Amino acid sequence: MSDRGTRPPKRLVATGATLALALALAGCGGGGGKSAGKQNPPPPPSTQPESAANAAPGALDLKSSTGLRKPVTYNDKITVKIGGIRYVKNKADGPGQIAGRVVTIFTLSFTNGSAKPLDLNQVRVVAKYGPRRAEAKPTSYANINDFYGTVPPGQGKKASYAFEIPPAGYKSVVLGVKFDAQHKAALFAGALRP
């Protein structure tokens with residue numbers, strides 16, 4: 001017999017060593033320097049070209065009444081308008097896809113006629129449809145992107161927003177665009193048809 005006593009099983013030693021290593025690595029991170037507590041800023045939004053950000057392969061144009069196409073211009077010469085409306089009927093060829101779901105895509109544009117840069121980081125777009133004004137569920141499609149960044153004076157920017165709107169709701173559609181606390185929401189209302 002040996003005086004060494006009982007040894008823990010090799011598996012327990014390996015698990016303990018792995019746990020100790022994980023705890024040691026979790027504790028590493030540059031302890032008490034000046035940068036402790038500071039976090040890196042999030043990565044910038046996608047810098048894909050505007051044409052790619054608004055591309056919707058397979059989408060078909062929708063006709064609309066004039067209320068959805070009439071631009072909204074504010075006193076400071078900032079203009080918001082809907083430049084295009086398209087739809088796609090989903091064929092369910094991937095995970096999470098629902099066959100027959102209709103995605104309606106609105107391409108919006110801002111033109112900055114003011115003397116100051118226009119901040120588009122807070123843009124919120126809401127779509128409602130039907131006689132009861134049901135709120136449409138926002139969704140994604142292809143590579144379309146939301147608005148972000150700023151628009152210099154005299155320039156413009158486009159972005160597309162996708163919503164699940166059933167064709168039965170196309171007779172009455174309202175789109176609201178809010179971009180800051182100083183301007184009222186731009187409202188667009190009308191009917192859509194293929």
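The model is predicted, so local features need pLDDT of at least 70 and side-chain atom pairs count only at pLDDT 80 or more, while totals for chains, interfaces and linings use all residues. Residues are numbered from 1 along each chain as its sequence is written, and side-chain values use heavy atoms, leaving out hydrogens and water.

- Strands here are DSSP runs (E, at least two residues), numbered from the N terminus.
- β4 spans residues 78-89 and is mostly covered, with nine of its 12 residues buried (under 20% relative accessible area, with a 1.4 Å probe and protein chains only).
- Two strands pair if DSSP finds at least two bridges between them.
- β4 pairs with β5 (residues 102-112) in the antiparallel sense over 11 bridges, and here Lys81 stands opposite Ser109.
- β1 (residues 60-61) also pairs with β4 in the antiparallel sense, over two bridges; Asp61 has Arg86 as its bridge partner.
- Two bridges likewise join β3 (residues 72-73) to β4 in the antiparallel sense, and Val72 has Val80 as its bridge partner.

**Positive phi in the loops**
- Most residues other than glycine have a negative phi.
- Lys77 has a phi near 70° and sits in the hairpin of β3 and β4, which has four residues between the strands.
- Lys77 is exposed, at 56% relative accessible area (exposed means over 50%).
- Ala142, in the loop between β9 (137-139) and β10 (150-151), has a positive phi of about 50°.
- Ala142 is partly exposed at 47% relative accessibility, a class that lies between buried and exposed.
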